[in-house]
Amino acid sequence: MLRLFQRQAPEQAAHIEVAHDGEIYRVALKRVATSRRFTLRVRTATRDALLTMPSRSSLKAAREFAERHAAWIGTRLARLPEPVAFEPRAVTPLRGVDHRIVHRPGERGVVWLEASERGPLICVSGERPHVARRVTDFLKREARKDLEAAVARHSKQLGVKPRRIVLRDTVSRWGSCSSTGGLNFSWRLILAPPFVLDYLAAHEVAHIVHMNHSALFWKLARRLHPGTDRAEVWLKVHGANLHRFGATWE
């Protein structure tokens, strides 16, 4: 008999699709217990829309809301900058400076940097199909090198020791710190200016001491990296744009 009085859980779905003017748009769903209304935003990294909704709202209500705003979704998606694949002649930032990718199939080495009259180059040897992977691997190595150096510097200042450093291609976070002191970062930070990468390293190291965003945490983070506010603004304005580099979307 108890079953008659139990509340039925709302329908669960990872995403829905809505159509407008001959186009179909993917809308990811995110249920949030503290949310009181539906909110929509377009994501550069995944080139879709995200609908945040109250936990107990129905899937039908979510679909109706998304369908009413299908034109808005289409307009915002159309305004997103074009993705840039890591291929010959493409331009990608490295430490905040634009570099052109150049294919040098007959030369020794794998990936290296060169200066030219038209600006800095990322040179890649080997066969053409391997260029994108080699550039990505190179950027990840550079990111690890810079992040490990920055983390070591800030950790020494605080007298702490991170358990490990892991690089990922995260969408929602640029960095995180686990309760055991493990640090995670997006490798895409190597595309940003150095002060941004250094700020994220300081931010996560500070979390080893304060696992929260309290006033004490921010005081410590700003002591490690005085340019905290500047870096936060840069990420808010330019951060999403970093996700379009190395993209393979159609």
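Analyst: Let's go from the overall chain to a hairpin, a sheet and a helix.

User: Before that, what kind of model is this, and how is confidence scored?

Analyst: This is a predicted model, where local features need pLDDT of at least 70 and side-chain atom pairs count only at pLDDT 80 or more, while totals for chains, interfaces and linings use all residues. Residues are numbered from 1 along each chain as its sequence is written, and side-chain values use heavy atoms, with hydrogens and water left out. pLDDT is the predictor's confidence in each residue, from 0 to 100. Here the protein chain averages 91, and 93% of the residues score at least 70. Over residues 1-10 the pLDDT is below 50, and this stretch has six contacts (heavy atoms within 4.5 Å) beyond near neighbours in sequence.

User: How many helices and strands are there in the protein chain?

Analyst: DSSP runs define them: helices are H or I, at least four residues, and strands are E, at least two, numbered from the N terminus. The protein chain has six helices and eleven strands.

User: How do E3 and E4 pair?

Analyst: Strands of a sheet pair through backbone hydrogen bonds, either parallel or antiparallel. Two strands count as paired if DSSP finds at least two bridges between them. E3 (residues 39-43) and E4 (residues 48-54) are antiparallel, with five bridges; Arg41, for one, has Leu50 in E4 as its bridge partner. The two strands make a hairpin with four residues between them, and Arg47 in the turn has a positive phi of about 50°.

User: And what is the strand order in the open sheet of three strands?

Analyst: The order is E9-E11-E10, with mixed pairing. E9 (164-168) and E10 (175-177) are the edge strands, each pairing on one side only. E9 runs parallel to E11 (residues 182-186), joined by five bridges, and Leu167 has Phe185 as its partner in E11.

User: Which residues of H6 are buried?

Analyst: An α-helix has 3.6 residues a turn, so residues three or four places apart point the same way. In H6 (residues 228-238), Thr228, Ala231, Trp234 and Leu235 are buried (under 20% relative accessible area; exposed is over 50%, partly exposed in between, with a 1.4 Å probe and protein chains only). Seen down the axis of H6, these fall within an arc of 125° (taken from the directions from the helix axis to the C-beta atoms), so they line one face of the helix. They pack against H4 (194-209) and H5 (215-224). Turned away from that buried side are the exposed residues Arg230, Val233, Lys236 and Val237.
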